[in-house]
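Colleague: I am new to this one. Please show me the structure, then let me ask how you know things.

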Amino acid sequence: VASAREFTAFLKKRSTLEEDHAQGLKKLCKSSHEASRRPDNRQGSYAQHYNEVIGIHDRLADNGIQFALSLHQMHEDLHDLATNIERGRKQWKQSGLSAEKRVQDSEALVDKAKTKYDSLAEDYDRARTGDKQAGRVFGLKGPKTAAQHEEDLHRKMQAADSDYSSRLQTAQSQRQELVSTQRPQVVKAILDLIIECDSGLTLQLQKYASFSEKLSLSNGLCVHPLKGHSSGQSQHSLRDVVFQINNTKDLNNYITSVSLKTGQRPAEVRYRAHP
């Protein structure tokens with residue numbers, strides 16, 4: 001459970017970092033695209049391919065956002081699993097401790113009943129082997145003869161023996177049930193929880209590895225698409241896009257456009273004599 005909670009915290013933090021990075025990259029792409037359209041910025045092949053570079057980064061941000069969402073869902077699933085496992089573990093632990101306590105209490109009552117039985121048995125032996133006419137014993141209803149006292153002790157001893165036997169049988173039955181049923185049941189239940197937790201944690205680790213590979217592969221295909229890879233996107237790599245910028249052509253086109261705006265050159269100034 002501790003390991004599951006540790007990985008849960010990792011997934012939450014990793015998701016937050018990826019989300020912040022992707023959203024920041026999204027905003028940067030938007031502001032950069034808007035800035036590239038201002039008239040004071042360079043146009044031509046530079047603007048065209050620069051926007052392609054921005055588009056590639058925008059797709060990288062989309063991949064990051066999807067990755068962050070996947071990690072967030074994994075975090076919630078693993079958090080729920082760890083919470084349920086911990087709740088089940090505490091319940092079965094309490095159930096096992098309660099069963100052990102019942103047996104301990106029952107065996108403590110057996111010891112107490114045996115002590116009472118032994119004490120009465122000793123008193124009865126002394127009364128049985130002593131002088132029955134040695135005197136009288138005073139009770140609530142007046143003095144008792146030795147024979148009456150012996151009979152009274154014998155009756156109490158039998159009652160104590162019966163109580164001792166009954167409590168012993170109950171304790172033995174409870175311990176037998178504890179050893180044969182309750183302990184194995186608790187151990188199996190906790191073992192099942194451990195297996196479930198380990199399996200769930202391993203599954204989430206496998207999903208994390210899969211999503212991480214998918215993110216890296218998707219980003220790699222954005223930066224450098226495979227030849228013939230039909231994704232509906234540009235087939236040019238980031239490097240190819242940048243290398244398609246033609247500085248000379250852009251400059252010539254800019255000069256041409258400026259010259260067209262300025263109109264024809266004024267006539268050349270020449271010397272003209274007075275007629």
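Colleague: How many helices and strands does the protein chain have?

Modeller: The protein chain has five helices and two strands. Along the sequence they run α-α-β-β-α-α-α. Helices (H or I, at least four residues) and strands (E, at least two) are DSSP runs, numbered from the N terminus. This is a predicted model: local features need pLDDT of at least 70, side-chain atom pairs count only at pLDDT 80 or more, and totals for chains, interfaces and linings use all residues. Residues are numbered from 1 along each chain as its sequence is written, and side-chain values use heavy atoms, with hydrogens and water left out.

Colleague: Why is Thr-8 called buried?

Modeller: Buried means under 20% relative accessible area, exposed over 50%, partly exposed in between (1.4 Å probe, protein chains only). Thr-8 has 5% relative accessibility, so Thr-8 counts as buried. Thr-8 is in helix H1, residues 2-36.

Colleague: What touches Thr-8, not counting residues up to four places away in sequence?

Modeller: His-75, Leu-78 and His-79 do. Contact means heavy atoms within 4.5 Å.

Colleague: Why does Glu-18 count as buried?

Modeller: The relative accessible area of Glu-18 is 11%, so Glu-18 is buried. Glu-18 is also in helix H1. Leaving out residues up to four places away in sequence, Glu-18 touches Gly-64, Phe-67, Ala-68 and Leu-215.

Colleague: How much of the protein chain is buried?

Modeller: Buried residues make up 25% of its 275 residues.

Colleague: What makes a set of residues a nonpolar core?

Modeller: A nonpolar core is a set of buried Ala, Val, Leu, Ile, Met, Phe, Trp, Tyr and Cys residues, joined through side-chain atoms within 4.5 Å. The largest one here has 15 residues. Phe-7, Leu-11, Leu-71, Leu-78 and Tyr-208 have the most contacts inside it. H1, helix H2 (45-129) and helix H3 (146-223) each supply at least two residues of this core. H2 gives the most, with seven.

Colleague: Which residues does Leu-11 touch, not counting residues up to four places away in sequence?

Modeller: Leu-11 touches Leu-71, Met-74, His-75, Leu-78 and Tyr-208.

Colleague: How do you know which contacts in the protein chain link residues 24 or more positions apart?

Modeller: Take the contacts with a separation of 6 or more. Residues 24 or more positions apart account for 79% of them.
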